[in-house]
Amino acid sequence: MKSFLITGANRGLGLGMVKYLTKNNKARIIFATCRKPSEELTKLSQEHKNLHILNLDVTNFTKIGEIASEVSKVVGSQGLNVLINNAGVTTKFTKLQLVKAEQLLENLTVNTIAPIMLTKSLHPILKQAVEANSDKMIGAQRAVVINMSSILGSIALNDQGGFYPYRCSKAALNAATKSMSIDLKKDQIVVAALHPGWVKTDMGGKNAPLDVDTSVSGIFNTIEKLKEADSGKFLQYDGTELAW
Ligand SMILES: NC(=O)c1ccc[n+]([C@@H]2O[C@H](COP(=O)([O-])OP(=O)(O)OC[C@H]3O[C@@H](n4cnc5c(N)ncnc54)[C@H](OP(=O)(O)O)[C@@H]3O)[C@@H](O)[C@H]2O)c1
């Protein structure tokens, strides 16, 4: 794994991923995209010259279309190895009688439409990474797309109801992941949906059983092990396969 692009990298799991990669010297180049860099992310970029902060509100589809050229300027003919569509939003538990159309639309825009549009924009440079590493096994040494999903997006595992905006947007992201895995198979790009576990972040809350470091190290172990046969799977941070 040489170059990574992580969305929503200013806090939570996204920031945890940047910290992991810099601390363990796991990446040649890291693109941390966010709406507004946090102090912690800015400090990391001052300490690690291979960390590039790019401004990206994932709902700005014009900017999404332009981001590939910004990334390309840095990675050159080596392309981009790992895209992690991590930025996400949720609403509090929403029962049918309380759900609002605006919540459904916002969750769908950030959690589903943005990852699809960003993957579309970066597809040519993911392909470049596959070609530049033609001697390597199919997987993260060449190119992978990780869509940060959630177990709440699983239809099979939904036994509590509610959460309409979040569940629907992540189920739709799972559907997109499956389509991407089929469409990008010919390019030898592996695509997987990943559930990070229930993690202590602003989104996961204080009662979550997992800390960011445990989830993130599991996520990268799982990414590193991805093979061609894993494309189109829905995996948990520890590599366990989940039901759609
Ligand atoms: N934590 C969990 O237990 C859990 C469980 C399952 C799945 N997940 C998934 O894991 C991912 C990361 O979650 P987290 O726990 O780290 O959440 P978090 O702490 O709430 O962080 C969310 C991140 O997404 C960014 N974001 C939201 N809207 C954005 C937009 N329009 N443009 C750019 N960035 C935007 C936020 O940036 P701002 O600071 O600018 O808002 C922030 O960096 C999400 O996709 C989430 O659905 C989390």
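A polar contact, for today, is a pair of N or O atoms within 3.5 Å; inside the protein, one of them must be able to donate a hydrogen and the other to accept it, and residues adjacent in sequence count only if both atoms are side-chain atoms. Hi everyone, this is a predicted model, where local features need pLDDT of at least 70, side-chain atom pairs count only at pLDDT 80 or more, and totals for chains, interfaces and linings use all residues. Residues are numbered from 1 along each chain as its sequence is written, and side-chain values use heavy atoms, with hydrogens and water left out.

Let's start with the ligand. An oxygen atom of the ligand lies 2.7 Å from a polar backbone atom of V199. R11 brings a polar side-chain atom to 2.7 Å from a ligand oxygen, and for R35 a side-chain N or O atom is 2.8 Å from an oxygen of the ligand.

Who else is around? The ligand is surrounded by 29 residues (a heavy atom within 4 Å), and N10, R11, Y166, V199 and T201 are the closest. In that shell we count 12 nonpolar, 12 polar (Gly among them) and 5 charged residues (Asp, Glu, Lys and Arg). Helices α1 (12-23) and α5 (164-183), which are DSSP runs of H or I with at least four residues, each give the shell at least two residues.

F163, in the loop between β5 (144-148) and α5, has a positive phi of about 50° without being a glycine. Q188, in the loop between α5 and β6 (190-195), is not a glycine either, and its phi is positive at about 65°.
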